[in-house]
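This report describes a protein model through its charged pairs, its strands and its nonpolar cores. Please read it alongside the sequence and the coordinates.

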Amino acid sequence: MKIDGAAGFPLVNGIPRGQAFVSFMRGGSGDSVPATPRAGTGGSAGPVPGGFDDNAGRRTVSEDRRQLDDGTVRNALTRAYDDGSRRTETRDKMPDGSVVISAERRSLPDAEGFEKVRVWTKTIAPDGTESLDMRVFRVPAGMTPDWNAADTQQYLSSSNVTNTAADGTVLPDIPAMVSPSETEGADSKTTEDNIAPSTPRPVVPLAT
């Protein structure tokens, strides 16, 4: 899939939590939305080759919302950031109420000709349980590989898989490997501080 130089899906990068999909309901089926400027929390100091500015301002370059033949409502958009990065994202809401969100954000090339790419997929089941797969790659500029391919894993910098119960409890069985600055796009950050410890089971002595 050609991602046109976009990667990652921010939540902490310039947008308050809970507002990541405010624009989802704008426009009718198949409508495109003109570029919409929106400032970040602190403004960007300028281009960031090989990385991201979490306070960079952003603007929506394009947005398209339509209903597919199977009843799925799809919202696809592209955003550009003042740090020079671009992001594409797709949100599919299925007829059964489940949601699949996938996104990629790609930085400007660094001095060595490599770009930083944030790739993540989030699934939300009808009962509210969630699974987030977050990965960060450093790839040669312009490279758009299959992120799941074995050959691509040589470019993998970090990864994290987080499962969340319907009540918001983050399941602790998968270790966090992504730094807080990499966890954009999640409705809540997965860190060592907010992963609930497992509850020990009581020991019941056997009758003799």
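## Salt bridges

A search of the whole structure finds 10 salt bridges, a salt bridge being a side-chain nitrogen of Lys or Arg within 4 Å of a carboxyl oxygen of Asp or Glu. The model is a predicted one, in which local features need pLDDT of at least 70 and side-chain atom pairs count only at pLDDT 80 or more, while totals for chains, interfaces and linings use all residues. Residues are numbered from 1 along each chain as its sequence is written, and side-chain values use heavy atoms, with hydrogens and water left out.

One of these salt bridges joins Asp-92 to Arg-74, with the closest N and O atoms 2.7 Å apart. Because Asp-92 belongs to strand S5 and Arg-74 to strand S4, the pair ties together parts that are 18 residues apart in sequence; strands here are DSSP runs (E, at least two residues) and helices likewise (H or I, at least four), numbered from the N terminus. Asp-92 counts as buried at 11% relative accessibility, whereas Arg-74 is partly exposed, with a relative accessible area of 33%; buried means under 20% relative accessible area, exposed over 50%, and partly exposed in between, with a 1.4 Å probe and protein chains only.

Arg-79 forms a salt bridge with Glu-89, the closest N and O atoms being 3.9 Å apart, and this pair links Arg-79 in strand S4 with Glu-89 in strand S5, 10 residues apart. Both partners count as buried, Arg-79 at 2% relative accessibility and Glu-89 at 5%. Arg-87 joins Arg-79 and Glu-89 in a network of salt bridges. In a further pair, Arg-106 and Glu-115 have their closest N and O atoms 2.5 Å apart, and both residues are buried.

## Strand pairing

The protein has 9 strands and 0 helices. Strand S4, residues 73–81, is mostly covered, since 7 of its 9 residues are buried. S4 pairs in the antiparallel sense with S3 over 9 bridges and with S5 (residues 86–93) over 8 bridges, where two strands pair if DSSP finds at least two bridges between them.

Arg-59 is partly exposed, with a relative accessible area of 36%. On the S5 side, the bridge partner of Arg-79 is Arg-87. The S3–S4 hairpin has 5 residues between its strands, and Gly-71 takes a positive phi near 95 degrees there; the S4–S5 hairpin has 4 residues between its strands, with a positive phi of about 95 degrees at Gly-84 in the turn.

## Nonpolar cores

The largest nonpolar core consists of 7 residues, namely Val-99, Ile-101, Ala-103, Trp-120, Ile-124, Leu-132 and Met-134; such a core is a set of buried Ala, Val, Leu, Ile, Met, Phe, Trp, Tyr and Cys residues joined through side-chain atoms within 4.5 Å. Strands S6 (99–106), S7 (114–124) and S8 (130–140) are the elements that give two or more residues to this core, and S6 gives the most, with 3 residues. Apart from this core lies another of 6 residues, among them Val-119, Phe-137, Val-139 and Tyr-155.
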